[in-house]
Amino acid sequence: MSAHPAPRTEAAPLYGLLLAGGRSTRMGRDKAALAYDGKPQLERAMALLQRHVARAFVSVRADQTADPLRARYPQIADTRADIGPVAGLLAAQERHPGVAWLVLACDLPLLDESTLAQLVRERAPQRTATAFRSSHDGLPEPLCAIYEPHSHGPLAASVARGRHCPRKFLLSSDVRLLDEPNPRALDNVNTATEYGALMNELRAQPGAADKRITVQYYALLREQAGRREEALATAARTPRELYAELSGRYHFTLAPEMLRVAINAEFRDWSTPLADGDAVVFIPPVAGG
Amino acid sequence: MSTFRFVRAPVEPERLRAQLADPGCGGYAAFEGWVRDHNEGAAVRRLEYEAFEVLAVREGERILAEALDRFGVTRAACVHRLGDLAVGELAVWVGVSAPHRDEAFAACRYIIDEVKHRLPIWKKEHYLSGDSGWVNCERCAAGAPAAAHAHPHRD
C-alpha cells in the first residue's frame, strides 16, 4: 500500500487539434496556407500549439490528407461531412478518447503565446470546457478552447440531434470562461478584405515577425519560472514587451521597474529592439558582497 | 594588473594577498565580507550565492579597471564566493596595493561598493526559522509600491 494519500483526480493529458478542414469559401482560397511573417498560418499555428500540448494534430477533411502543407503533421481526418468544425473535434475524441483537446481554428493569425499559456494554465479539468469570453460579444469562443474528455458524450448527442454549432454547445455546458489577456488575439480572418487589412497593419509593425529568443532566469525569477533557461518564439519588440509576455505566463512578482536587462551579456535599455537569436536576462535586485 | 574571479571553494586571503605584492608599493588594503548570523532582525543559518557569471565577470573587471584608473593604484583584485556558505565564511575579498595608503584605502572602498551595487549576484538567506528569501527581492515584491524601490539598494 502506498504511504501517500491518494492524489486528487489528475487532469487528462492535453492534446492539440488545429482545425484545417474548412472550405475557406468566403476567403476564396485556403486559409491555412495564407502567409503571415512569410510563413503559412498552418505552420505558425502548429508551432504555437506544439509548445503547449503533449501531441498536436491537424484536423483535415478526408479528401485533404495528401495536401503537402497538411501532410507535414500528424493528421486526424473527419468521419462526418458537412457539419462544420465539430466534425474535427468529434473525430479526434473518437481517435483518442482519454485526452482533453485544445482546439484551435486556423484563421487566428494574432493568437499569441500568452493567450494560449493562460488557457492552459487556467484550464478547469472538472468542467466540460475552458474557453475565452469574446472581447467583441461576450460569448464563449469555441475555437480556441479546451474540451475535456467527458465533453464527448454530450457533444456527440447534440450533433446527433442536428445541433452543429460549437458556440451553442458551450453556452449550454458547464464551461470555465476566461477574459482574453490580449483583446485581439482571437480576431479571425475570413475574407480577402480582412486579410489585406491585417497584412497592411502587420507591415506597419516592423518587429511583428516571430523572433527566436533565449531567456535565462536567475534567483527569484528562476524559481518563479521553474526553469533556468528557455528558447521561445515571440513577437515582443523590446525586453519590456518580452517581460510583460513572460509575466503573463509565470506571474512574476517583481515589477519591471525593479529589474535591469541584459542582452547578449551586456546591460541594455528596456526599449532596445530585440533581434532574432538574442539571449535575454532579466536581472532582479542584486545583493552581492 | 587586475582580476575578478568567482570561486566555489573557501577563499584563502593569504594566497590572494601574495599576488598583489609589488616592489613599488608601500601600502596594501583589503576588505573581507563575511556571512553574518542575522539580517534585518532575522537569524540567518546559511547563505546561497548565485551569479550571472559572464556579465558579472565583465562588469567586475570594469570596476577594477576603473579603480586603477581613478585612484592610481598598482594592483587590484576581487574574489567572490558562489554556492552555499555557512555563517562566518568569507563571501567576498577585495585587495589593493599602491604606492601610498590613501589611494589603497579609497580604491578598496570604491571596489566593494561598486561590486555590491552593480554585479548581477544574488543572495538567498536561509533563516533559523526554516524560511528563506532572496535579499532585496521578496520583501520589495510583497510590500511597498514598486516605484519606492526603483533606487539601488544600499546596505
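Me: What is the relative accessible area of Arg237(A), and how is such a value to be read?

Reply: Buried means under 20% relative accessible area, exposed over 50%, and partly exposed in between, with a 1.4 Å probe and protein chains only. Arg237(A) has a relative accessible area of 37% and is therefore partly exposed; Glu241(A), at 30% relative accessibility, counts as partly exposed too. The side chains of Arg237(A) and Glu241(A) meet in a salt bridge with an N to O distance of 2.9 Å, where a salt bridge is a side-chain nitrogen of Lys or Arg within 4 Å of a carboxyl oxygen of Asp or Glu. Elsewhere, salt bridges that share partners join Glu266(A) with Arg58(B), Glu59(B), Arg62(B), Glu66(B), Glu114(B) and Arg118(B) in one network.

Me: What should I know about the model before reading further?

Reply: This is a predicted model, in which local features need pLDDT of at least 70 and side-chain atom pairs count only at pLDDT 80 or more, whereas totals for chains, interfaces and linings use all residues. Residues are numbered from 1 along each chain as its sequence is written, chains are lettered from A and ligands numbered from 1 in the order in which they are written, and side-chain values use heavy atoms, with hydrogens and water left out.

Me: How is pLDDT to be read, and what does chain A average?

Reply: pLDDT is the predictor's confidence in each residue, from 0 to 100. The average for chain A is 90, and 94% of its residues score at least 70. Over residues 1–8 of chain A, however, pLDDT stays under 50, and the model has one contact for them beyond four places in sequence, contact meaning heavy atoms within 4.5 Å. Where pLDDT is low, the predicted coordinates should not be read in detail.

Me: What pattern does chain B follow along the sequence?

Reply: Helices (H or I, at least four residues) and strands (E, at least two) are DSSP runs, numbered from the N terminus. Chain B has four helices and nine strands, and read along the sequence they give β-α-β-β-β-α-β-β-β-α-β-β-α. Of the 155 residues in chain B, 45% are buried, and among its contacts with a separation of 6 or more, 76% come from residues 24 or more positions apart.

Me: How many residues does each chain bring to the contact between chain B and chain A?

Reply: Chain B brings 30 residues and chain A brings 25. About 2400 Å² is buried between the two chains, 61% of it on carbon and sulfur atoms; buried area here is the accessible area (1.4 Å probe) that two parts lose on being put together, summed over both. Side chains of opposite charge can pair when their charged atoms come close. Four salt bridges are counted between chain B and chain A; in the one between Glu223(A) and Lys124(B), the closest N and O atoms are 2.5 Å apart. On the side of chain B that touches chain A, at least two residues each come from β4 (42–51), α2 (53–71), α3 (101–118), β8 (121–127) and α4 (138–142) of chain B, and α2(B) gives the largest share, five residues.

Me: Which parts of chain A does the pair Asp107(A) and Lys31(A) tie together?

Reply: The closest N and O atoms of the salt bridge between Asp107(A) and Lys31(A) are 2.8 Å apart. Asp107(A) lies in the loop between β6 (100–105) and α4 of chain A, and Lys31(A) in the loop between β1 (14–19) and β2 (35–36), so the pair ties together parts that are 76 residues apart in sequence. Both Asp107(A) and Lys31(A) are buried. A further salt bridge joins Arg70(A) and Asp67(A), whose closest N and O atoms are 3.0 Å apart; Arg70(A) counts as buried at 2% relative accessibility, while Asp67(A) counts as partly exposed at 26%.

Me: Why is helix α1 of chain A largely enclosed by the rest of the structure?

Reply: Helix α1 (residues 41–50) of chain A is largely enclosed because seven of its ten residues are buried, among them Leu42(A), Arg44(A) and Met46(A). In α4(A), seven of the nine residues are buried, so it too is largely enclosed by the rest of the structure. Thr115(A), placed in helix α4 (residues 113–121), is buried with a relative accessible area of 0%, and apart from residues up to four places away in sequence, Thr115(A) touches Phe132(A), Pro181(A), Asn182(A) and Ala185(A).
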